[in-house]
Amino acid sequence: MKYYHKISSLLLTALMATTCFSLQSCKDQPDEYKSTDGTPTIYYIRPASASAGDSLLVQAYPQANICLVGANLTSIQQIYFNDKKAVLNTSFITENTLIVQIPSAIPDVVSDKIYLITTGHDTLSYDFHVVIPAPVVSQMSCEYAAPGSIATIYGSYFIDDPNVPLQVFFPDGKEAEIKSVNESRSTMTIVVPECTTEGQITVKSVYGSTNSSFRYLDSRGMLFDFDTPNAVSGAVLGNHGWHNMVIESDDTALKGNFLRLGDPSVTMDADGSWNDGNFSFEYWPGNWQDPENYQGDGIRLTDLVDFSDYGNMSYKFEMCIPKANPWAAGAMQFIVGGVTKISMGNAGTKDIYGNVTAGCNNTYFNNDELPRGIYRPWEATGSFDTADEWITVTLPISEFKYGFSGGAASGVLNASDFTSLVIFVVSGGIAGTECNPVIKIDNIRAVPNK
């Protein structure tokens, strides 16, 4: 929370006139900055935004832009907030104003002061409190990490105070052992406790407590776990198209069955050429009925999950890529389409809702019109694997804007397009390296972003 002190409108007008003139001069004539000797004076601190200029600040959060207002501010050569140095830009310094961003680094020594170092190497202090937020908990390396395994939690403000240690609690209240916290307090590794309860993870620090934006063992919006009958049709959903990808279980499985794309004996060329027989999982709704009623294992995915607010949703899944079979070419395309684009049945058949179904085909997505998601984690490093571990992948549906060749799609999606799903590792517009990838996938789900 920010606290403000009000000042009289008359004084404010005078000060703002000086400030605005100084800022304009600084902006129009950046070369006019000249360092000066002597001692600076701080009258007050306000937000850098002119719209917030009617308030005085006595505290603010890291990375906030603030404006020091005073006299002889061109004599300031360095600024520290507590023990963390800020970056000064002379384009934002005038005789009477100095705009600076509070450092993002968490202070090791808290004095609640700003330290001003002058051209004469004198140090002056000014009372100011940098507010450290409660932890932010944004991601977990694997939302289905098994008890006893090592997992990484990502976020910010993971502060382990000697007097109030950092703590992580799982949905059933069990505390995780913290193995390490990185220097920027943005990641930590933990040992997952014995927990079979679905829900949010809680992180507590000396500055407060926060629940994660994700859920451990998240079952919301589950489309394919390859084991469990869904509550609507009573069927276990899996392959439902032209190709039957391998659905199996082995000693690497998170639980039960998973989907496998690729094989150690199958080569993908550098361009990720079309190979739907080995790299395409298809789920098309319908069961060759006339009229089509989408019963059993041909249910529409929109009957399982409400996609009406799809712009604020993401597809999530767990993925494992062995070190021995890294992925280095082709884009994983997440392709959706309504029953008028694709269905499991004869083209031209009507369904019980009055739609004319498209029937089986692969032409609806083989273009740059239909928007889809593209996932290509090997692009940055040239090759990608998960070191034989499972990770959670998140694909925001708001980013479903690409065509088959990896460029911008010309069409648009709507809520009725989410009745089907194809996951096809192919093309994507960027050449990689010939490889023999094995991609294991489990727990494909569509969940709200928050």
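Let's start with the largest cavity, which holds about 40 Å³ of space. By cavity I mean a set of points, on a 1 Å grid over the protein atoms alone, where a 1.4 Å probe fits but cannot get out. The volume is the space filled by probe spheres set on those points, and the points are joined across faces, edges and corners. The structure has three cavities of 30 Å³ or more.

Before I go on, please keep in mind that this is a predicted model: local features need pLDDT of at least 70, side-chain atom pairs count only at pLDDT 80 or more, and totals for chains, interfaces and linings use all residues. Residues are numbered from 1 along each chain as its sequence is written, and side-chain values use heavy atoms, with hydrogens and water left out.

So, what lines the largest cavity? The lining residues, meaning those with an atom within 4 Å of a point, are Pro62, Phe81, Asn82, Lys84, Ile102, Pro103, Ala105, Pro107, Val130 and Ile132. By class there are eight nonpolar, one polar and one charged. Here Ala, Val, Leu, Ile, Met, Phe, Trp, Tyr, Cys and Pro count as nonpolar, Asp, Glu, Lys and Arg as charged, and the others, Gly among them, as polar.

Next, a sheet. Four strands form an open sheet in the order β7-β6-β9-β10, paired antiparallel. Strands here are DSSP runs of E with at least two residues, and helices are runs of H or I with at least four, numbered from the N terminus. Two strands pair if DSSP finds at least two bridges between them. At the edges sit β7 (84–85) and β10 (123–127), each pairing on one side only. Strand β6, residues 76–81, is joined to β7 by two bridges, and Tyr80 has Lys85 in β7 as its bridge partner.

Now to the aromatic rings. Rings of Phe, Tyr and Trp (its six-membered ring) pair if their centres lie within 6.5 Å; planes under 30 degrees apart count as stacked, over 60 as edge-to-face and the rest as tilted. By that rule there are 21 aromatic pairs. One of them is Trp274 with Phe424, edge-to-face, at 5.0 Å centre to centre and 90° between the planes. These two are 150 residues apart: Trp274 lies in the loop between β21 (258–261) and α2 (276–279), and Phe424 in strand β27, residues 421–425. Trp274 is partly exposed at 34% relative accessible area, while Phe424 is buried at 0%. Buried means under 20%, exposed over 50%, and partly exposed in between (1.4 Å probe, protein chains only).

Why is the pair of Phe307 and Phe418 called stacked? Because their ring centres are 4.8 Å apart and their planes are at 10°. This pair spans 111 residues, from the loop between β22 (280–283) and β23 (313–320) to the loop between β26 (390–396) and β27. Both Phe307 and Phe418 are buried. They belong to a cluster linked by ring pairs, together with Tyr310, Tyr315, Phe317, Phe334 and Phe400.

Notes: On a 1 Å grid over the protein atoms alone, a cavity is a set of points where a 1.4 Å probe fits but cannot get out, and a pocket is an open set with protein on both sides within 12 Å along at least five of seven lines; lining residues have an atom within 4 Å of a point.
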